[in-house]
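These are my notebook entries on a structure I looked through. I wrote them in the order in which I looked things up.

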Amino acid sequence: MPLVSGAEVVLAAAKAGRGVGAFNVIQLEHAIALIAGAEQAGAPVILQISENAVKYHGALKPIGVATLAAAAAASVPVVVHLDHAMDRDLVTEAVSLGFTSVMYDASKLEYADNVAATSEVTTFCHDHGVFVEAEIGEVGGKDGVHAPGARTRPDEAVAFAEATGVDALAVAVGSSHAMTERTATLDFDLITELHAAVAVPLVLHGSSGVADPDLTRAVEAGMTKVNIATHLNNVFTESVRQTLADNPTLVDTRKYLGPARDAVAAEVARLLGVLKAV
């Protein structure tokens, strides 16, 4: 199936009241697992490559090209998305490689500077037909940039979306990045307010810390794109640990990465049901 744009997948889901699963790629095994899970569920999916993953690989192109190739071979719509990019040159490179969606993160800047920088990136991306997500207020857990309990104000979110022209907006509503336990408490009233006020789809970051019923409720309250990374990394790692514990002399990496890939695919298919993606 040809690659699809972020706009095509996210806007269609927002209109239908569905969620879209956005899952992070660290290695090729992740990309293959995420696509397999989406195919099992019969749902579109967003494959995210973060700036931190790029640093891990030393460059965007190898993992980016591999992920784009896997996406192009999928039987369901797949969006390849650059996640939490603070480096403007990385945005330019992702667009040139064929990414159809970008999350530009200028949330560490003062509000006016965030608006100015995000507006410039949005203009560039729109000139190339690329969907743009940005962040207003900082979502917790990302390098300690966000005080616990802080929330996105609806009036500020509206002003930011209008001033920057972004296509989707990540908001702070109680979730936090890198949580290993699913104990986050979301502010559903605030999600409902933001959904009513903001004209573009809303994005929930840090969703690994959100329990299944609350993920479903968040979508029903107005969230569209739901980012989950740490939870799936935990599924992957636990599978590897178990396989190696059961087979202490195992040395063939395929014998423990393969089961981990399958475990992630199954969890992705399950999560897409939780997110009402189909």
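This is a predicted model: local features need pLDDT of at least 70, side-chain atom pairs count only at pLDDT 80 or more; totals for chains, interfaces and linings use all residues.

Entry 1, a serine. I looked up S50 and found it buried, with a relative accessible area of 9%; buried means under 20%, exposed over 50% and partly exposed in between, with a 1.4 Å probe and protein chains only. S50 is in strand β2, residues 45–50. Strands (E, at least two residues) and helices (H or I, at least four) are DSSP runs, numbered from the N terminus.

I noted that a polar atom of the S50 side chain lies 3.0 Å from the backbone nitrogen of A53. Leaving out residues up to four places away in sequence, S50 touches N24 and D83; contact means heavy atoms within 4.5 Å.

Residues are numbered from 1 along each chain as its sequence is written, and side-chain values use heavy atoms, with hydrogens and water left out.

Most residues other than glycine have a negative phi. I found that H84, not a glycine, has a positive phi near 50 degrees. H84 is in strand β3, residues 78–85, and is buried, with a relative accessible area of 5%. I also looked up K276, which is not a glycine and has a positive phi of about 55 degrees. K276 lies in the segment after α11 and is partly exposed, at 33% relative accessible area.

I took a nonpolar core as a set of buried Ala, Val, Leu, Ile, Met, Phe, Trp, Tyr and Cys residues joined through side-chain atoms within 4.5 Å. Which residues have the most contacts inside the largest core? They are F23, V91, L169, V173 and L215, in a core of 78 residues. Helix α11 (residues 253–274) gives the largest share of this core, eight residues. Apart from it I found another core of twelve residues, including V4, V10, V20 and F131. In soluble globular proteins, nonpolar side chains tend to be buried together.

I listed F23, N24, H30, L34, I228, A229, L232, N233 and V264; on a 1 Å grid over the protein atoms alone, a cavity is a set of points where a 1.4 Å probe fits but cannot get out, and lining residues have an atom within 4 Å of a point. The elements giving two or more residues to this lining are β1 (20–24), α2 (28–41) and α10 (230–246).

Technical notes
On a 1 Å grid over the protein atoms alone, a cavity is a set of points where a 1.4 Å probe fits but cannot get out, and a pocket is an open set with protein on both sides within 12 Å along at least five of seven lines; lining residues have an atom within 4 Å of a point. A polar contact is a pair of N or O atoms within 3.5 Å; within protein, one must be able to donate a hydrogen and the other to accept it, and residues adjacent in sequence count only if both atoms are side-chain atoms.
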